[in-house]
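Good morning, and thank you for joining this group meeting. Please look at the sequence and the structure as they come up, and I shall then take you through them.

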Amino acid sequence: MEAITKTERNYLPRDLVIDTWSSVEGFFTKLEERSIASRADLEQWLRDLSELEAWLGEEGGWRYIRMTLDTRDAPAGQRYQAFVADVLPHVEQWTDKLQRKLMASPFTEELTGEGFPVYLRGIREQLRIFREANVPLHAELRSMAQDYGSIIGAMTVTWDGQELTLPAAAALLEEPDRAKRERVYRLIAQRRM
């Protein structure tokens, strides 16, 4: 198996650690303040924005994975909660600002290469539907989803003398034996009730 290598960072420091929003705020500010005087400037700006977005997505993804691996791991849950409550609401607001900057640039019209029409159409749609009032609602929904995951993740059923989590028990729903599937289904439904 081939080892996975991370893409080299150009905009962000290699040792960047997100503890709070202030850890990344400056990178958004620099992008907002950066002058875009040519198509080449705009393309570099987009590469830097993409790197920032990818890194934040990876950070959020790993925190989610660590939280869901063991929903009883309180520190992992708190790290995920801190990310969705403290970092992501700011990211949503800044993403809207930066997308507006992109669409206001006269060089955006020159972005006609592969992928750009679809990308720009998606941004136009995001700008059309973005509402500042939804930012705290999204944060609350992510928090509620975490709570739900913790509750469901802690639920177990006993099957053939073994204690199984609901996802592990749900895997038994793929068994070819219909009677077995029905017993597992009823155990899961009963536990949820």
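**A walk through the model**

I begin with Ala168, which lies in helix 6 (residues 166-171); helices here are DSSP runs of H or I with at least four residues, strands are runs of E with at least two, and both are numbered from the N terminus. This is a predicted model, in which local features need pLDDT of at least 70 and side-chain atom pairs count only at pLDDT 80 or more, while totals for chains, interfaces and linings use all residues. Residues are numbered from 1 along each chain as its sequence is written, and side-chain values use heavy atoms, with hydrogens and water left out.

Ala168 has a relative accessible area of 34% and is therefore partly exposed; under 20% counts as buried, over 50% as exposed, and in between as partly exposed, with a 1.4 Å probe and protein chains only. Twelve residues along the chain separate Ala168 from Thr156, and their C-alpha atoms are 9.0 Å apart.

Thr68, in helix 2, is also a partly exposed residue, at a relative accessible area of 38%. Between Thr68 and Asp19 there are 20 Å from C-alpha to C-alpha, and the two are 49 residues apart in sequence.

Let us turn to the packing of helices. How do helix 1 and helix 2 pack? Their angle is about 160° and their axes are 11 Å apart; axes are lines fitted to C-alpha atoms, for helices over the stretch in contact, and angles run from 0 to 180 degrees between N-to-C directions. Helix 1 and helix 2 are therefore roughly antiparallel, a term for angles over 145 degrees, with under 35 being roughly parallel, 65 to 115 roughly perpendicular and the rest oblique. Val24, Phe27, Phe28 and Leu31 of helix 1 make the contact with Trp45, Asp48, Leu49, Leu52, Trp55 and Leu56 of helix 2, where contact means heavy atoms within 4.5 Å. By class, nine residues of this contact are nonpolar, none is polar and one is charged. Ala, Val, Leu, Ile, Met, Phe, Trp, Tyr, Cys and Pro count as nonpolar, Asp, Glu, Lys and Arg as charged, and the others, Gly among them, as polar.

The next pair is helix 3 (residues 74-104) and helix 5 (residues 134-154), which pack at about 160° with axes 9 Å apart. Helix 3 and helix 5 are therefore roughly antiparallel to each other. Among the residues that meet are Gly77, Tyr80 and Glu92 in helix 3, and Val135, His138 and Arg142 in helix 5. The residues of this contact comprise six nonpolar, seven polar and two charged.

The largest nonpolar core has 32 residues, and Val24, Phe28, Leu42, Trp45, Leu56 and Leu102 touch the most other members. Such a core is a set of buried Ala, Val, Leu, Ile, Met, Phe, Trp, Tyr and Cys residues joined through side-chain atoms within 4.5 Å. Helix 1 (22-33), helix 2 (39-69), helix 3 and helix 4 (116-129) each supply at least two residues, and helix 3 gives the largest share, nine residues. Another core lies apart from this one, with ten residues, including Trp159 and Leu172.

Finally, is Ser105 buried or exposed? Ser105 is buried, because its relative accessible area is 8%. Ser105 sits in the loop between helix 3 and helix 4. Beyond its neighbours within four places in sequence, Ser105 is in contact with Ile36 and Leu42.
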